[in-house]
Amino acid sequence: MITFPNAKINLGLNITEKRPDGYHNLETIFYPIPLEDALEVCTRHEGEGKYSLTQSGLSIEGDIEKNLVVKAYKLLQDEGCDLPPVDIYLHKHIPSGAGLGGGSADAAFMLKLLNGIYNLHLTEDCLEEYAARLGADCAFFIRNQPTYAEGIGNIFSPVKLSLAGWQLLLVKPNVFVSTRDAFARICPRHPAHNLKDIIKLPIEKWKDYMINDFEESVFPQFPTIGDIKAKLYRLGAVYASMSGSGSSVYGLFAPGSSLPDADFGTGSQVFRLTLK
Ligand SMILES: C[C@@](CO)(OP(=O)(O)O)[C@H](O)COP(=O)(O)OP(=O)(O)OC[C@H]1O[C@@H](n2ccc(N)nc2=O)[C@H](O)[C@@H]1O
Ligand SMILES: Nc1ncnc2c1ncn2[C@@H]1O[C@H](COP(=O)(O)OP(=O)(O)O)[C@@H](O)[C@H]1O
């Protein structure tokens, strides 16, 4: 059976506190976007081992044991779920180190896929709890709805927000930002304005209030990323921001407008998407 894990963007991202466990409390809104990997699981009937992983598309660093889809399979096994040996096929289309949550989406969709194929009868609450163990923002992808997130990014409340029809110009420069390093450079602070209030304003006003706290430290380190954001505004974006800890940057363009055709530098990947 095949599934299509999708990416997310962050609408605002406030890093509010460093916690005793070394992680950070944050506030953000996750919004799913239609940029997808493809993930297939087939029951294995012959051959050695409990699983195999065949990857295609964009390459991922690290051996297969480190891949989050394999970690998801092992987690369910460790929890006592009855899983047969499987062959896993993963086609990567979502760039990594981009703040788009691609690895996290693969992990969460793997849990949902195995739950469905092998009739594990795990509830969404249970799947969220398992997903959170695999990565701070994995749990969001279980319900995969626009969500306000707090804590380390795993305490959720639903938000009434639809950007259906809005055009997204998403640019991933040829720069890898490590999430861990990005957090290490942050000075946590509480925001002046609450995100849940900001998203009730017209989108034209978001740029005056909605902030991604990582931009302040990531832009000086990687000026290319800040330049892309400035360019998106020059091209007519109604709102533009870096997503997550970077390095991708998105611009929101009004429904019905045609997305500009621009050059964002050598090695940049550009995606043109219509939000749902
Ligand atoms: C900050 C966000 C916003 O969406 O960044 P992006 O990954 O999207 O860029 C996410 O919450 C990231 O979630 P995720 O990518 O799953 O993080 P993890 O793999 O769990 O953590 C990677 C590292 O980031 C740091 N980390 C992560 C989450 C958090 N709330 N506080 C932290 O300090 C820790 O040092 C951790 O070792
Ligand atoms: N299935 C996967 N897809 C992408 N990255 C993965 C996967 N499994 C493990 N990783 C690791 O996760 C890190 C990037 O995670 P990803 O969620 O794609 O980016 P980001 O945290 O920027 O949103 C990389 O270091 C990569 O090696």
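Predicted model: local features only at pLDDT ≥ 70, side-chain atom pairs only at ≥ 80, totals over all residues.
Which positions does UniProt give for the feature "active site" in its unreviewed entry? Select Lys8 and Asp137, where the record places it. UniProt positions follow the numbering used here, feature names are shortened, and annotations may be inferred rather than shown by experiment.

Residues are numbered from 1 along each chain as its sequence is written, while chains are lettered from A and ligands numbered from 1 in the order in which they are written.

**Stop 1**

Zoom to Lys8. Lys8 sits in strand E2. Helices (H or I, at least four residues) and strands (E, at least two) are DSSP runs, numbered from the N terminus. Lys8 is buried, with 27 other C-beta atoms within 10 Å. A residue is buried if 20 or more other C-beta atoms lie within 10 Å of its own, exposed if 12 or fewer, and partly exposed in between; C-beta atoms are placed from the backbone. Now show the contacts of Lys8, leaving aside neighbours within four places in sequence: Phe30, Tyr31, Pro32, Ile33, Leu100, Gly101 and Phe140. Contact means that the C-beta atoms of two residues, placed from the backbone, lie within 7 Å.

Move to Asp137, in the loop between H3 and H4. Asp137 is buried too, with 27 C-beta neighbours inside 10 Å. With neighbours within four places in sequence left aside, Asp137 is in contact with Gly101, Ser104 and Gly153.

**Stop 2: the sheet that holds E2**

Select E2, E3, E7 and E8. These four strands form an open sheet in the order E2-E3-E7-E8, with antiparallel pairing. Strand E2 (6-18) and strand E8 (155-158) stand at the edges, each with a single partner strand, so one side of each is left without a neighbour in the sheet. The twist averages 25 degrees from one strand to the next. Axes here are lines fitted to C-alpha atoms, for helices over the stretch in contact, and angles run from 0 to 180 degrees between N-to-C directions.

Two strands pair if DSSP finds at least two bridges between them. Pick Ala7: opposite stands Ile33 in E3.

**Stop 3: ligand 1**

Select ligand 1 and its shell. A residue is near a molecule or strand if its C-beta atom, placed from the backbone, lies within 6 Å of it. The shell around ligand 1 has 20 residues, the closest being Gly135, Ala136, Ile152, Gly244 and Ser245. E2, E3 and helix H5 (179-184) each supply at least two residues. Colour the shell by class: seven nonpolar, eleven polar and two charged. Ala, Val, Leu, Ile, Met, Phe, Trp, Tyr, Cys and Pro count as nonpolar, Asp, Glu, Lys and Arg as charged, and the others, Gly among them, as polar.

**Stop 4: ligand 2**

Which residues are closest to ligand 2? Leu68, Ser96, Gly102, Gly103 and Asp106, out of 20 that surround ligand 2. Helix H1 (68-78) and helix H2 (102-117) are the elements that give two or more residues to this shell. H2 provides the largest share, four residues. By class, the shell around ligand 2 has five nonpolar, eleven polar and four charged residues.

**Stop 5: helix H3**

Select H3 and show Leu127, Glu128, Tyr130, Ala131, Ala132 and Leu134, which are buried. Their cover includes H1, H2 and H4.

**Stop 6**

Is Asn119 buried or exposed? Asn119 is exposed, with 8 other C-beta atoms within 10 Å. Find Asn119 in the loop between H2 and helix H3 (124-134). Its phi is near 45 degrees, a positive value in a residue other than glycine.

Next, Asn144, in the loop between helix H4 (140-143) and strand E7 (147-150). Asn144 also has a positive phi, about 60 degrees, without being a glycine. Asn144 is partly exposed, with 16 other C-beta atoms within 10 Å.

Then pick Gly246 and Ser247. A cis peptide bond joins them, with omega about 15 degrees. Ser247 lies in the loop between strand E10 (239-242) and strand E11 (249-253).

**Last stop: residues 211-255**

Select 211-255. UniProt lists this span as "domain: GHMP kinase C-terminal" in an unreviewed entry. Its end C-alpha atoms lie 23 Å apart, and the span is 42% helix and 20% strand.
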